[in-house]
Amino acid sequence: MNTRTFKVWRGDQQGGDEVTYRVEVAEGMVVLDAIHQIQRTQACDLACRWNCKAAKCGSCSAEVNGKPRLMCKTRMDDYPDGEIISVHPMKTFPVIRDLVCDVSWNYKVNKKIPPFTPKKDANWVMYQEDIDRVQEFRKCIECFLCQNVCHVLRNHNMNEQFYGPRSMVRIASLEMHPMDALDRSKLLKEDAGLGLCNITKCCTEVCPEDIHITDNAIIPLKERVVDQYYDPLQIFWRKIKGDHANSKPHHDKPTF
Amino acid sequence: MSVEEKYEIHEHDVIVVGAGGAGLRAAIESSAMGCRTALICKSLLGKAHTVMAEGGIAAALANVDTQDSWQTHFQDTIFGGKYLNNWRMVELHAKEAPERVRELERWGAVFDRTSDGKILQRAFGGHTYKRLAHVGDRTGLELIRTLQDKGIHQGIDVFMECTVTRLLKDGDRICGAFAYWRETGRFVVFKAKAVVLATGGIGKCYKITSNSWEYTGDGHALGYEAGAELVDMEFVQFHPTGMVWPPGVMGLLVTEAVRGEGGILKNSKGERFMERYDPKRMELSTRDVVARAIYTEVKEGRGTPHGGCFLDISHRGAEYVKKKLPSMYRQFLELADVDITKEPMEVGPTCHYIMGGIKVDAETGGSRVPGLYAAGECTGGMNGANRLGGNSLSDLIVFGKRAGVSAAEYGKKKAAPEVGSTIATQIEEAAQEMTAFFGRPHAEDPYKLHIDLQNVMQNLVGIFREEKDLSKALNKLEQLKHRARNVGVAEGHRIYNPAWHLCKDLQNMLTCTVAITKAALMRKESRGAHSRLDFPNNDDYWSGHNIVVKKVGEEMKIEPHPVVQVPELKPLVEEKKAKEKK
């Protein structure tokens with residue numbers, strides 16, 4: 001049993017600072033365990049959002065030594081003995097108190113995405129190989145670490161123009177669903193700001209579920225938008241065919 | 001100042017407390033029927049414990065084992081519940097689960113597929129046929145996300161990180177709820193004609209549990225205080241396979257799907273010990289049997305270094321394991337440095353689920369309090385003395401829908417409640433209860449009290465019970481209740497203050513634990529998840545009775561009630577009893 005030094009950000013919207021705590025560390029402990037120990041023994045009002053402690057609910061997102069992580073799966077033994085461990089709330093979202101920040105923007109944005117709408121002739125026969133990639137996207141636990149790290153949102157504050165990587169994963173999971181009827185390309189191009197992503201892949205790096213956000217969701221979506229709006233040959237070919245023979249309707253908003 | 005001036009007030013036809021599978025499904029149905037619906041949840045939307053369910057949704061779709069039928073599902077559930085279930089609930093569940101699963105698919109859920117493109121189903125403990133529709137080992141996430149994404153486009157008002165502390169009544173009738181915002185600590189009053197409780201379980205009452213932070217038996221306590229009956233409270237399910245090492249992850253769930261996909265249990269001697277406990281079903285026996293088996297192996301000195309047993313799936317091959325059990329693979333690798341494709345896991349029993357809860361009518365989900373409905377884990381009766389894996393997720397969507405329909409029908413019929421003087425008094429009492437936790441002189445520390453409570457339950461009201469331990473527990477719980485009247489936090493802020501929240505949660509946990517312990521004392525037999533060392537056999541009387549808990553005046557009264565049977569289903573039940581005797 002040894003003791004480690006933690007510097008945990010305490011404060012609210014008006015401001016705050018790191019407060020130093022000493023924590024007794026046991027084998028296999030994670031950062032969330034340390035936060036709980038601080039709550040129990042030194043700072044009973046230390047505000048921290050958490051739920052499952054098994055990296056499945058996405059509640060305990062924070063920045064540990066500058067890296068966006070889930071606290072419940074950040075092992076203490078990842079940090080060499082003697083290294084001070086700093087824990088901060090996610091920087092991109094407005095802080096509420098201590099390690100809890102206001103993530104409601106993510107929910108507002110999600111609501112703008114037209115939901116799953118089945119094809120009229122859907123027969124619900126789907127093969128595993130057709131749904132593998134959709135299932136990858138649906139592993140998302142909505143931890144919002146990708147939203148937090150994306151420089152478009154984090155540094156450029158473009159939350160009015162860009163829905164963020166999480167939303168792109170959601171849109172991809174709908175667009176690639178074999179039974180979905182809608183075409184969300186216009187939304188992607190305009191409201192969702194897909195063009196603002198310049199493929200730096202920070203989102204992919206922080207995803208605790210290992211979703212290949214950039215390669216498997218964002219880039220294919222970009223390709224679809226390009227095909228739809230920017231490829232002169234495709235546009236020409238569609239004009240010749242007399243518009244879309246078995247096309248999907250263009251919808252930005254759900255029709256029910 | 002009037003109530004309207006003092007507090008934030010919201011008015012709806014129906015409010016649903018809890019946004020897991022059952023709550024979401026109820027809210028979706030209620031709003032689809034045209035009622036103004038509020039959904040109130042303690043955590044962020046989409047993060048209720050349903051998200052952690054791993055195994056699958058049990059439904060007699062017969063996609064893999066074509067001989068499957070609702071009748072067999074009914075029989076399996078009744079046998080799992082050791083015949084104490086509410087037969088009508090089990091019947092409705094078995095009949096309606098397949099349609100509820102297909103409905104999820106129509107709402108965008110993407111289940112693993114058979115080779116001919118249909119929903120794949122896997123084997124699970126106690127199910128005669130392969131019945132569990134699943135997505136790898138993250139079915140709960142799929143379910144809650146599908147319902148969440150459906151629900152948010154229906155005009156439901158969602159109140160996230162809002163905790164209900166009291167239900168409000170207009171005479172006998174429910175008329176709303178009092179709550180606080182976790183973020184600001186400010187109070188909020190919800191006026192409603194009908195309330196659906198869908199608040200999940202009580203895991204946080206135990207030291208070793210798979211449950212998340214939220215599960216402090218709020219709905220059980222709210223319902224009890226409002227006059228509803230609780231049933232089957234003695235039946236607490238200890239899932240046989242929780243992690244045991246390192247200490248920080250003790251209790252975390254290791255899905256039954258590991259055994260469903262071929263995982264085998266061994267003791268420290270390398271024996272496949274389930275042969276001695278249930279040679280017919282082995283690792284896929286019902287959870288109560290497996291939990292007791294592992295506990296016994298460890299107690300008798302055949303446990304692993306960290307006090308569990310070995311669960312091994314490495315023989316299935318790395319590719320298969322990573323494909324079908326990806327989150328188990330990661331969980332063990334990242335949190336315990338164990339590669340399950342190469343080595344066995346150490347597992348042991350963990351408090352996982354409570355079969356007991358608010359007694360409801362099978363068809364409507366209605367409690368005996370007019371306007372109060374309930375669905376999901378916070379209800380009792382569906383699972384009897386022991387729940388089969390996979391039956392919870394299906395329970396949520398079948399009875400979530402039914403409760404939503406009934407609450408909506410009630411909400412449409414009734415006039416809106418008045419915020420008269422009796423309700424104003426209730427509101428002030430509820431506010432007083434919360435503010436009184438601040439600035440108490442020599443206040444009890446809520447965290448210490450919580451640990452003490454968890455230790456009492458873990459040590460004295462666990463897998464194996466006996467009279468002297470249970471009586472001792474009851475005494476200790478009374479002392480804890482006394483201490484809890486003086487629990488408090490230093491004068492300070494109410495902004496997202498976890499110690500303050502815990503002060504109230506403790507009151508709910510104490511109500512539930514006293515009910516559990518009293519019922520455990522009364523049931524002098526062993527059945528399903530309730531094992532009495534001093535009464536190791538079934539008892540004829542108790543085989544036909546459930547135990548009901550209710551508030552009479554200020555006292556908690558408990559009494560037996562006959563099991564709710566359905567005459568037409570008797571042949572099915574008798575057939576199963578005969579089969580199991582062989």
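In which crossing, left-handed or right-handed, does helix 3 of chain B pass helix 4 of chain B? The crossing is right-handed. The model behind this report is predicted.

## Chain B overall

Chain B contains 17 helices and 23 strands. Its radius of gyration is 23 Å, close to the 25 Å that the globule rule gives for 582 residues, so chain B is as compact as a globular protein of that length. Along the principal axes, the C-alpha trace of chain B spans about 70 × 50 × 50 Å.

## Helix 3 against helix 4

Helix 3 of chain B covers residues 70–80. Helix 3 and helix 4 of chain B pack with their axes 8 Å apart, at an angle of about 140°.

By class, the contact of helix 3 with helix 4 of chain B holds five nonpolar, three polar and two charged residues.

## Helix 3 against helix 17

Helix 3 of chain B also meets helix 17 of chain B, residues 570–581. Their axes come within 10 Å and cross at roughly 65°. Here too, helix 3 of chain B passes its partner, helix 17 of chain B, in a right-handed crossing.

From helix 3 of chain B come B:Q71, B:F74, B:Q75, B:I78 and B:F79. From helix 17 of chain B come B:L572, B:V573, B:K576 and B:E580. The contact of helix 3 with helix 17 of chain B divides into five nonpolar, two polar and two charged residues.

## Domains of chain B

The domain assignment of chain B gives domain 1 (238–349) and domain 2 (439–541). The C-alpha centres of these two domains of chain B lie 28 Å apart. Six residues of domain 1 of chain B are in contact with five residues of domain 2 of chain B.

Which helix gives the most to the side of domain 1 of chain B that touches domain 2 of chain B? Helix 9 of chain B, residues 287–299, does, with four residues. This side of domain 1 of chain B has four nonpolar, no polar and two charged residues.

## Domains of chain A

For chain A, the domain assignment gives domain 1 (2–101) and domain 2 (104–240). Their C-alpha centres are 31 Å apart. Twelve residues of domain 1 of chain A are in contact with twelve residues of domain 2 of chain A. The side of domain 1 of chain A that touches domain 2 of chain A comprises six nonpolar, three polar and three charged residues.

## Where the chains meet

How many residues of chain B are in contact with chain A? The count is 46 residues of chain B, against 46 residues of chain A.

Four helices of chain B each supply at least two residues of the side that touches chain A: helix 4 (87–106), helix 5 (139–151), helix 11 (326–336) and helix 16 (498–522). By class, this side of chain B has 21 nonpolar, eleven polar and 14 charged residues.

Technical notes
Residues numbered from 1 in each chain as written. Chains lettered and ligands numbered in written order. Predicted model: local features only at pLDDT ≥ 70, side-chain atom pairs only at ≥ 80, totals over all residues. Contact = placed C-beta atoms within 7 Å. Nonpolar A, V, L, I, M, F, W, Y, C, P; charged D, E, K, R; others polar. Axes fitted to C-alpha atoms, helices over the stretch in contact; angles between N-to-C directions. Left-handed = near helix turned anticlockwise from the far one by under 90°. Domains from an automatic or database assignment. Rg over C-alpha atoms; globule rule 2.2 N^0.38 Å.
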